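Please open the model in your viewer and keep the selection box handy. We will go from stop to stop, and at each one I will say what to select and what is there.

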Amino acid sequence: MVEFNIILISSFTAVSCAIAGVFLILRRMSLMSDAISHAVLPGIIVAFLLVEDRTSPLLIFGAALSGLILVYLTELIHKTKLVKEDAAVGLVFPAMFSFGVILITQYLSSVHFHEHSVLVGDINLSAINLIDIFGFSLPKAIPILSVVLLLNIIFISIFFKELKLTTFDAGLAAAFGFSPVLLHYLFMSLISITAVASFDTAGSILVIALMIAPAASAYLLTNNLTLMFLISGIIGIVSSVLGFYFSFWLNSTPSGGIAVITGLIFLLTYLFSPKYGLIIKSLKQKRQREEFYIKVLIMHILNHQNTEIAEIENQKSGIYHHLKWSGERAEKVIDYCLKNNYIFENHGILSVSESGKQFLNNRD
Amino acid sequence: MEDIIKLLLTDYTLRNVAIGASILGLVSGSLGTFAFLRKESLMGDVVAHSSLLGITLIFILTYLLTGMGLKNEPMLMLGAVISGIIAMIFVSKITSDSRIKSDSAMGIILAIFFGGGMFLLTMIQQSNIENKAGLSSYLFGSAATISHQNVWMMSVLGFIAVLLMFIFWKEFKVHTFDPDFGETIGVNRKNTNLLIISVIVIAIVIGLQAVGVILMVALIVAPPSAARQWTNNLKIMTIISAIIGLVSGLIGAIASSLVSNLPTGPTIVLVATFIFIISVLFSPKRGIISELIRKYKDKRRILISLALSDMYYLEMNHDDRMSFGHSSKVIDKMNPINYNIQKSLTIMKSEGLVNEVAKDNWKLTDKGIDRAKMIQQEKGN
């Protein structure tokens, strides 16, 4: 039962994060997930110090506020034009996180708020912390995670057009009268809320992993935005299940295990994606290269055929010298062309056939 | 203060901490300059997080080989350097070979390497390998664990990194500001890039023990960001950045050793951030306050010159220079630009440029006339 609960919690987290992650990577703000997942800490701690209840929804509110403060401060520093945006992010979130850690060590060292659990979360604990809903005994985290998931779905559906437009053509969006700034802040709030709801159960690593890796894998698989959401969500769930068993097997933290699995799935798509994978790409390149060699050979022969120097230039055994190729390559290309009847041999002299000429014309 | 100095000279741990923290600040400050100028500040974040995987992997490997937990920090540091460099190579490979953008590539690599590191770390902590306690200090840093041997190791690594920076100064500089030009004068883009990344990785790894993998990015970003405000010269910027790094490391580490329960990494980060805020506010050339003063002065100058020119024009075109002045309404009507005439007159009066000869009757003083002539001349030019 605990196993099922852990998988349930991490799957809910995975889907929320995966949905939020799609626009995050398209807007080239992936590292904001890392920054936000660190920067929410002081908000959580301050809220906790105020209400002294670890399950209070005020903690999520504090975290979201903290996330917005990060975004605001980053913009503020960036706007002074004294440092670039990347440096602005790199300045603000470590400072906020440091502040949070110092608050923990000064005021909460006796309470259950360990730095370690901030990073990897306490998914096992969340899984045995149960609540009765409609007669089902479910983890307490599930209602919160469901709300967050719903929030993600609603937000993305309502602002789908706006997000799409500001993401792909910010200038046009501004011309239509959308406010990119407002949308930016709204979207960042969504990321903060998603991050913190997941954070409590799954830790900050998992937030980063689940927001970026599934969405990036989906980006390698499709060009269709709607499909990208679907694939990203599925990859999130699959990673949760596999990651859980992986960490169960090696007796380690589920968050770390799931993060590793999302990475492996990304690696697989990176290598084997039928459209943008590394392997298909290098195969394509190889084919292009071969085609290019064939064309060069045919053109060379065609150029010199029926001229006085044809006997010198188009000699089968010497042609590599004129093309400045290695003998091995020349032999391969010539063999291939002979086999396909692009060229034919007559007393050691090569000539282009009709199909060879066609090859040259067809595939330009 | 005297107590601290006394402690520094006599207390073995505190001395190690102080020297260690200074070295880490110095090295990360000077090399962070290049990360900052290349707009790759967040690379520090990726490298620092990623090094956790190397540290834990080496720990587990030696345990499997020797049956003992590794207490030997140089080996752990080596693991950190290697995994940091591999992480960055992966990032640039993913970015160049696929449609994935660099920010996503960095995020993914960070998540995998750090997630893997946390995975192994939790595994180690739940096992019963000896010496496992020291490992978790790599998360948030713990100055107290810096030993004499660590300081020695940090010095060697730091010296190598800074030496490389000196030797390849020209290459680093050209590559940072104009890699295309660099290539035309024979600076290999790929190799220089790898070299810069490697020395930055070394700088980051030096700081891991004191600051921790999560916050180390701040020491790569904050000192150069602060130093940038004070100068436009790369050499001077590097030196200032190194000094700021050193000061933050030193103050943070000493404070955390003296105050109980104060974590070292966060303290150092907050000191560095504080120095950045001071720099941004008070730097004489680019600072926010000097910018405000400049704006205030400009505004004042414009207010004066508008009213002054109008009054001068009025007085020159009426043959009444010696007799009486003009009311503020008249002066205001002279110019289509809408500005606060009363404010202008008050400022000008305080500077002795006009006299209020009767109620709301203003006249230029001799000084005012001279100034107005000057303004006319400037306009003429």
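Start by selecting Val83(A) and showing its surroundings: leaving aside residues up to four places away in sequence, Val83(A) touches Ile77(A), Ala88(A), Ser225(B) and Arg228(B). Two residues are in contact here if their C-beta atoms, placed from the backbone, lie within 7 Å. Val83(A) sits in the loop between helix H3 (58-79) and H4 of chain A. Helices (H or I, at least four residues) and strands (E, at least two) are DSSP runs, numbered from the N terminus. Is Val83(A) buried or exposed? Val83(A) is buried, because 25 other C-beta atoms lie within 10 Å. The cut-offs, again with C-beta atoms placed from the backbone, are 20 or more other C-beta atoms within 10 Å for buried, 12 or fewer for exposed, and partly exposed in between.

A word on what you are viewing: this is a predicted model, in which local features need pLDDT of at least 70, side-chain atom pairs count only at pLDDT 80 or more, and totals for chains, interfaces and linings use all residues. Residues are numbered from 1 along each chain as its sequence is written, while chains are lettered from A and ligands numbered from 1 in the order in which they are written.

**Next stop: a helix pair across the chains**

Select helix H4 (residues 85-107) of chain A together with H3(B). Their axes come within 7 Å and cross at roughly 50°, which makes H4(A) oblique to H3(B). Axes are lines fitted to C-alpha atoms, for helices over the stretch in contact, and angles run from 0 to 180 degrees between N-to-C directions. Angles under 35 degrees count as roughly parallel, over 145 as roughly antiparallel, 65 to 115 as roughly perpendicular and the rest as oblique.

Which residues make the contact of H4(A) and H3(B)? From H4(A) they are Asp86(A), Ala87(A), Val89(A) and Gly90(A), and from H3(B) they are Ser41(B), Leu42(B), Gly44(B) and Asp45(B). Colour them by class and you get three nonpolar, three polar and two charged residues. For the classes, Ala, Val, Leu, Ile, Met, Phe, Trp, Tyr, Cys and Pro count as nonpolar, Asp, Glu, Lys and Arg as charged, and the others, Gly among them, as polar.

**Follow the helix into chain B**

Gly44(B), Val47(B), Ala48(B) and Ser51(B) of H3(B) meet Val201(B), Ile204(B), Val205(B) and Leu208(B) of H10(B). This contact has six nonpolar, two polar and no charged residues.

**The whole interface**

Now select everything in chain B that touches chain A: 51 residues of chain B are in contact with 53 residues of chain A. The elements of chain B that give two or more residues are H3, helix H4 (73-97), helix H5 (102-126), helix H6 (137-140), helix H11 (216-228) and helix H13 (264-282). Highlight H5(B), which gives the most, with 16 residues. This side of chain B divides into 29 nonpolar, 14 polar and eight charged residues.

**Two exposed loops of chain A**

Select Asn251(A), in the loop between helix H11 (225-250) and helix H12 (254-272) of chain A. Its phi is near 55°, a positive value in a residue other than glycine. Asn251(A) counts as exposed because it has 10 C-beta neighbours inside 10 Å.

Then move to His347(A), between strand S3 (343-346) and strand S4 (349-352) of chain A. His347(A) has a positive phi of about 55° although it is not a glycine, and it is exposed, with 7 other C-beta atoms within 10 Å.

**Zoom out**

Finally, show each chain as a cartoon. Chain A has 17 helices and four strands, and its C-alpha trace spans about 95 × 50 × 35 Å along its principal axes. Buried residues make up 46% of its 364 residues. Chain B has 17 helices and two strands, in a C-alpha box of roughly 105 × 55 × 35 Å along the principal axes. Of the 381 residues in chain B, 50% are buried.
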